[in-house]
Amino acid sequence: MRAHELAKELGLNSKEFLKKMKEMNFPVKSHLSIIDDDTAEIIRHELKDLKEKEIQENVLEVDFPITVKDFAVKVGKKPSEVMQMFLKKGKFFSINQNLEKDIASEFARQLGFTLTEKPLLEEELTKEAVTDKKNLLPRAPVVTLMGHIDHGKTTLLDFIRKSKLVDKESGGITQHIGAYQVKTSKGKITFIDTPGHETFTAMRARGADITDIVILVVAADDGVKPQTEEAISHAKAAEVPIVVAINKMDKSTAQPDIVKQKLSKLDLAPEDWGGKTITVGVSAKTGEGVDKLLESILLEAELLELKADFKRPALGVVLEAKLSRGLGPVATVIVQQGTLRVGDVVVCGFSWGKVRALRDDRGNNLKEAYPSFALEVVGLQDLPSSGDTFFVVPTEKEAQDIIRRRSQASKKEVKSPARHVRLENLYEKIKTEELKQFRLIIKADTYGTLEAIEDVLNKIELKEIQIQILHKSIGPVNLSDVVLADASDALIVGFKVDLEPAVSKKAQDKEIQIKTYQIIYELIADIKAALEGMLAPDVKRVFLGRARVKKVFKLSKFGIIAGCVVEKGKIARNSPCNLLRGQDKVFSGKVQSLKRVKDDVREVQEGFECGIGIGFDDIKEDDRIEVFQEEITTRRIDI
């Protein structure tokens with residue numbers, strides 16, 4: 001064929017084609033030069049690779065969706081030319097119509113470009129990665145108290161707040177917001193006064209991991225209660241250090257040793273019993289042990305080496321929000337990174353605003369707030385939700401653009417496949433998310449049954465998968481279980497138990513699977529079957545045959561083909577193979593093509609010659625190709 005004919009086939013004019021031939025050192029002198037079929041095939045292959053490389057290098061950053069007009073500007077074409085190009089492909093778009101990402105990317109490739117989506121401003125501003133470690137400074141720990149409702153959590157918080165206020169001047173001791181900071185001789189501590197562990201975990205489910213340390217409050221005269229066990233499970237699931245405050249030590253009925261004994265059974269062995277859990281006896285009434293508790297918190301914080309970037313734009317989490325008659329929407333926030341200042345433009349969820357005022361927990365006005373500081377923010381346009389991330393943006397226009405984009409995205413949202421683990425989708429989640437833990441919440445009718453189920457599960461030892469029981473207790477499945485499952489991607493399993501009112505709807509809304517059973521064998525059988533589905537099968541390779549390379553051919557249509565003689569066994573098409581050179585393995589792949597003379601064949605027996613293609617170019621004479629067959633065995637769990 002003539003050079004100009006090949007150029008036309010490749011979508012190039014003669015001048016462009018000849019220029020590329022010169023760059024690639026092909027002996028093509030003019031557009032009338034004759035090119036043989038094999039050379040033409042090589043040129044096609046080389047130009048295809050060159051074009052792909054150019055496409056990969058010509059990267060354009062755009063915002064999606066993009067209009068036809070903006071797309072044309074980006075690729076350096078007139079809008080009319082682009083619209084004509086779409087029409088030839090049977091697609092009609094007006095000049096101001098939005099192009100979806102896949103369509104824009106496809107046509108950009110045809111024009112020699114790779115489209116990438118510009119990083120969203122909000123993604124850049126909410127990154128916690130620190131670019132300059134010089135900006136890192138120590139910050140105060142953020143602490144949440146948890147425990148049974150009557151064990152003195154609020155009383156202990158009140159005593160700490162009244163005795164350790166950062167500033168004892170104006171404002172008295174009236175707590176203004178649900179979080180505050182106290183000052184000790186060894187440093188500051190920020191406390192969050194949450195209603196309970198469900199709130200703590202619900203916020204974590206939204207990505208709001210704001211707590212550094214959990215203080216578990218247990219009454220010395222009442223011991224560990226079901227709600228205490230729930231709190232422990234929630235804190236452990238969050239992988240947050242736990243410090244135990246054994247409260248009401250002033251009472252004559254106090255029995256701290258019994259509390260410690262129970263804690264040890266829950267994997268919270270006290271330090272003075274040879275464990276790793278800090279336990280401090282306190283009295284919220286008299287103040288006994290409170291100073292030691294605060295010292296223990298700061299000691300734990302020191303081990304965590306808590307630091308933050310004080311110089312970046314502020315980033316944090318909304319704890320709660322309310323409407324104030326005189327001030328409008330008011331949000332209580334914790335600053336996690338950066339410094340928040342009056343006058344900053346902030347975005348919180350679907351709300352934005354310019355900060356008009358910052359107030360501490362007693363209503364004092366502030367000009368700025370640093371990491372780990374809890375305060376009220378005045379100036380938002382609307383009420384944000386608890387757990388929303390807030391962050392500072394450069395301008396009001398950019399804040400409005402982010403809100404507009406979020407609103408449009410929320411309208412487009414459709415119900416997606418179940419995002420939480422289910423017995424039926426374990427294998428799928430392993431492949432897509434590399435799930436390595438099977439998390440369970442177990443509820444049963446009696447402690448005996450609970451222990452029996454746990455014993456069976458503990459006997460399962462698998463390298464690939466860790467079975468993690470997040471929480472176990474007797475009694476019906478409650479809302480706290482659903483909240484924990486939502487935050488931790490866990491499955492709830494119940495044996496001879498009911499569901500509390502509203503649990504079914506909550507679980508359905510959060511796409512949490514709850515499986516209940518009346519026969520323990522069925523429960524174990526279901527879990528066993530699900531786990532077996534998670535296991536990668538055993539693959540055993542059995543030697544099939546070996547061929548020695550006598551000559552190497554380069555064919556225009558098939559690439560590199562090894563002319564071989566089968567020395568042992570047989571060679572089968574599509575079988576796994578290794579290419580050996582001396583004692584070294586230089587390639588592993590599959591037998592992609594297998595020929596006898598000119599015919600495609602399925603296999604070639606020992607003693608016969610054949611042509612083998614394995615998709616590898618660097619084959620040399622005297623190399624050996626060893627071929628295997630794979631025996632796949634499904635793995636079983638013995639319980």
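Arginine 581 and aspartate 623 join their side chains in a salt bridge, with N and O 2.9 Å apart. Arginine 581 sits in strand E28 and aspartate 623 in the loop between E33 and E34, so this pair ties together parts that are 42 residues apart in sequence. Please keep in mind that this is a predicted model.

- Aspartate 623 is buried, at a relative accessible area of 2%.
- Arginine 581 counts as partly exposed, with 23% relative accessibility; the cut-off for buried is under 20%.
- Arginine 581 also meets the side chain of aspartate 618 in a salt bridge, at 3.8 Å from N to O.
- That pair, too, links distant parts of the chain: aspartate 618 is in the loop between strand E33 (609-613) and strand E34 (624-633), while arginine 581 is in strand E28 (residues 576-581), 37 residues apart.
- Aspartate 618 is partly exposed, and its relative accessible area is 36%.

**Other salt bridges**

- Across the whole structure, a search finds 24 salt bridges.
- As a general point, side chains of opposite charge can pair when their charged atoms come close.
- One of the bridges pairs lysine 570 with glutamate 603, and their closest N and O atoms are 3.4 Å apart.
- Strand E27 (residues 559-572) holds lysine 570 and strand E32 (residues 603-605) holds glutamate 603, so the bridge ties together parts 33 residues apart in sequence.
- Both partners are partly exposed: lysine 570 has a relative accessible area of 25%, and glutamate 603 has one of 37%.

**The chain as a whole**

- You will find 18 helices and 34 strands in the chain.
- Of its 639 residues, 45% count as buried.
- Among contacts in the chain with a separation of 6 or more, 70% come from residues 24 or more positions apart.

- The buried residues in helix H9 (residues 197-205) are His197, Phe200, Thr201, Met203 and Arg204.
- Around the helix axis they cover an arc of only 155°, which puts them on the same side of H9.
- Their packing partners are strand E6 (142-147), strand E9 (213-219), helix H10 (226-237), strand E13 (315-324) and helix H16 (479-488).

- Helix H11 (residues 256-265) has Val259, Lys260 and Leu263 buried.
- These residues span an arc of only 95° around the axis, which places them on the same side of H11.
- Just after H11, aspartate 267 adopts a positive phi of about 65°.

**Nonpolar cores**

- The largest nonpolar core has 25 residues, of which Leu156, Phe191, Ile215, Leu293 and Ile297 touch the most other members.
- Two or more residues of this core come from each of E6, helix H8 (153-163), strand E7 (179-184), strand E8 (187-192), E9, E10, E11 and helix H12 (290-304).
- H12 is the element that gives the most to this core, with 6 residues.
- Leucine 156 is in contact with Leu145, Val217, Ala245, Val282, Ala284, Val290 and Leu293, leaving aside neighbours within four places in sequence.
- There is also a second, separate core of 22 residues, which includes Cys564, Val566, Val591 and Val604.

**A nonpolar surface patch**

- On the surface, Ile519, Ile520 and Tyr521 form a nonpolar patch whose accessible area together is about 320 Å².
- Isoleucine 520 belongs to helix H18 (residues 520-534).
- Isoleucine 520 is partly exposed, with 32% relative accessible area.

Methods: Residues numbered from 1 in each chain as written. Predicted model: local features only at pLDDT ≥ 70, side-chain atom pairs only at ≥ 80, totals over all residues. Heavy atoms only, no water. Helix = DSSP H or I, 4+ residues; strand = E, 2+ residues; numbered from the N terminus. Buried < 20%, exposed > 50% of the residue type's maximum accessible area, 1.4 Å probe, protein only. Contact = heavy atoms within 4.5 Å. Arc of directions from axis to C-beta. Salt bridge = Lys/Arg side-chain N within 4 Å of Asp/Glu carboxyl O. Core = buried A, V, L, I, M, F, W, Y, C linked by side-chain atoms within 4.5 Å. Patch = residues over 30% accessible without salt bridge, like charges linked within 9 Å, V, L, I, M, F, W, Y side chains within 5 Å. Areas by Shrake-Rupley, 256 points an atom, 1.4 Å probe, with all protein chains shown as cover.
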